[in-house]
Amino acid sequence: MSEASLPFNEKYCPSSVSVTSGEKRRQEWEKSIKNLQEFWAEKAKAIDWFKPFDKVLDDSNPPFYKWFAGGELNVSYNALDRHVKAHRKNKLAYIWEGEMGEVKTYTYYQLYREVNKLAKVFKDFGLKKGDRVAVFLPVIPELPITLLATARIGGIHAVVFSGFSAEALADRINDCGAKILVTADGSFRRGKPVAIKETADRALLTTTSVEKVIVVKRTGQPIQMKEGRDVWYDDVMTKAGANVYVEPEHMQSTDPLFILYTSGTTGKPKGVQHGTGGYLVWAYWTLKWAFNPSDEDIYWCVADIGWITGHTYNVYAPLSLGVTALLFEGTPDYPAQDRWWDIIERHGVTILYGTPTAVRMFMKFGEQWVLKHDLSSLRLLGTVGEPINPEAWRWYYRVVGKEKLPIIDTWWQTETGGFMIAPLSGIELTPLKPGSATLPLPAINADIYDEKGQSVGTGNKGLLVVKSPWPGMLQTLWKDPERFKQTYFGKWANIYCTGDYAIKDPDGYYWLLGRADEVLKVAGHRIGTVELESALVSHPAVSEAAVMGKEDSVKGEVPVAFVTLRSGFQPSDELRAELVKHIRTTIGPIATPDAIVIVNKLPKTRSGKIMRRILKAVLVGAPIGDVSTLEDDASVEDIKVTYEELRRQINKK
């Protein structure tokens, strides 16, 4: 591994914060591993139980672990009722800012009232405990309200990201058998209305389980309403009454709370099923440990609630802690490239939990957009979604954090329910290293294995595994227990295999290297795409990079890099040659790219993730496939044209 991409020897901690030894954290971790049952019995007291649990962990049927077995609770009660009964009744729960600049606020009491009304609507429509509610909404207040109302009556929600296609929505509705669909007439994207209801209508042509469609009026665009099936959200909420109370269902700790679909290697999405008690305890403590939010904080997680980050850290964790959270609809660079910084300044945001993709985009825009704004309210920064390149980490720390703010870089997955490896500010501030997610959280017994299931030790690449269960882990895959066992525990018995490559440095810090299936095999050498991308982004000209593997008759596979440039740099053959030299210097000649394709934009989903399959399709000349989640489909044509032109030039030589 190159020092440029994995700076093992560089310890870092903001100058304005006391550097700690990490001893308190180590002691907490050791206590949790040594006395797992006792540790979690104590931590579970942070939430309210209707009936105490009989057993902390029932591990009689691994890997189908049962957390807090016998206990009864309700997630909606923990998010709302207990705060309304206490001193947080009139505290802000949410500040919402829409794409068009609208701002709405909800106190805990106001949110509680709305959730009760929608819970009554659901019950009036015949929804019972265990029934599924499909949710196809943009990030508007009605989205968390829908989730909490579903949980209140014991339903199971299945949120589908509002940028998905009709086919993707239909697949998920059919798999979970949703009885109700909550959607909207449309959403706004860069100031233009997008027809969400139209997509939902096409999906419902191939589904049979949905009995009612509740439609939120967001854009006011004309839509078709099917008589007897479709109803307006505002109408049914008004009909429910002003002061409605719905008794929260007493749920078993082991009852399912939600299903969230994530990509599978077979192409069929996996319905990740999370439970009630274990998930809520894990959500509560992971946010508490990592960001330690207080009653005074304005906490902003930028994630769409269509993804697990939005579920856990926009809804369940902040509300269970009684935090004021900010929600926003739209993109980071519309209507201007300083939207994030403008929002932080106007609302006094204190904790920003963003993405490395966004950080690299802001790097490309230039520092001037950040420096226009007063960001002095910020006290903590965070990242999620993918490993952060050391260069992007340093930029984030220097330009946004003013060389004062810790960066909480979190590694976790849809399946884990919450943070697994991250710095902590709630126990003591973990000493930081740019690009490392640092250390496993309390109760996370992680390791790195080789293909034979042996621990690889310091400085060697291997598969990241978790050797014992934790409360936030998925219960199973919806209606597919065998796939659950095979996918996550099939490699080694009762060992959770994350599917991610990692390496551990001499201080025990973990460096995430991306998915195991994103590793190239070049002339017998295994090279992680994340390592290549980190090296490219460390060059002053490069803003973002995505590396793909291309078949080669001699080497088996060769890297092809797609890059975007920072402001002030222009594409040229000289720059391409310089980037090739940079790769050879920082990683080695074996990693030399076959081509470096400089493009204006990389294809990204609306949540900001690079759509690597599209780049792969461009490389091999395969069909692009569904691009309904693409932020800007024009970028695909740009990439195709640029790549083909480069190939022609190479072939002429």
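Buried means under 20% relative accessible area, exposed means over 50%, and partly exposed is what falls in between, using a 1.4 Å probe and protein chains only. The model is predicted, so local features need pLDDT of at least 70 and side-chain atom pairs count only at pLDDT 80 or more, while totals for chains, interfaces and linings use all residues. Residues are numbered from 1 along each chain as its sequence is written, and side-chain values use heavy atoms, with hydrogens and water left out.

**Exercise 1. Find G71 and work out whether it is buried or exposed.**

Step 1: Go to the loop between β2 (66-69) and β3 (72-73), where G71 sits. Helices (H or I, at least four residues) and strands (E, at least two) are DSSP runs, numbered from the N terminus.

Step 2: Check the accessibility. G71 has a relative accessible area of 0%, so it is buried.

Step 3: Look at what surrounds G71. Contact means heavy atoms within 4.5 Å. Leaving aside neighbours within four places in sequence, G71 touches W49, K51, P52, F53, D54, M251, Q252 and S253.

Step 4: Pick D54 from that list. G71 and D54 are 17 residues apart in sequence, with 6.5 Å from C-alpha to C-alpha.

**Exercise 2. Describe the overall build of the protein.**

Step 1: Count the elements: the protein has 19 helices and 30 strands.

Step 2: Get the dimensions. The C-alpha trace spans about 75 × 60 × 50 Å along its principal axes.

Step 3: For 653 residues the rule gives a value near 26 Å, and the protein's 24 Å agrees with that.

Step 4: Of the 653 residues, 63% are buried. Among contacts with a separation of 6 or more, 72% link residues 24 or more positions apart.

**Exercise 3. Describe how two helix pairs pack.**

Two packed helices are described by the angle between their axes and the distance between the axes. Axes are lines fitted to C-alpha atoms, for helices over the stretch in contact, and angles run from 0 to 180 degrees between N-to-C directions. Angles under 35 degrees count as roughly parallel, over 145 as roughly antiparallel, 65 to 115 as roughly perpendicular and the rest as oblique.

Step 1: Start with α1 (residues 23-34) and α2 (residues 36-43). Their angle is about 110° and their axes are 5 Å apart. So α1 and α2 are roughly perpendicular.

Step 2: List who touches whom. E28, K31, S32, I33 and K34 of α1 meet L36, F39 and K43 of α2.

Step 3: Move on to α3 (residues 75-84) and α4 (residues 108-124), packed at about 130° with axes 9 Å apart. That angle makes α3 oblique to α4.

Step 4: List this contact too. From α3 come S76, A79, L80, D81, H83 and V84, and from α4 come Y108, Y109, L111, Y112 and V115.

**Exercise 4. Which residues of α6 are buried, and what covers them?**

Step 1: Tally the helix. In α6 (residues 166-176), 8 of 11 residues are buried, so call the helix mostly covered.

Step 2: Name them: A166, A168, L169, A170, R172, I173, D175 and C176.

Step 3: Look at the cover, which includes β6 (132-136), β7 (156-159), β8 (180-184), α7 (196-204) and β14 (256-262).

Step 4: Check both ends. S165 lies in the loop between β7 and α6 and is buried at 12% relative accessible area. G177 follows α6 and has a positive phi near 65°.

How values were computed: The radius of gyration is taken over C-alpha atoms; the globule rule is 2.2 Å times the number of residues to the power 0.38.
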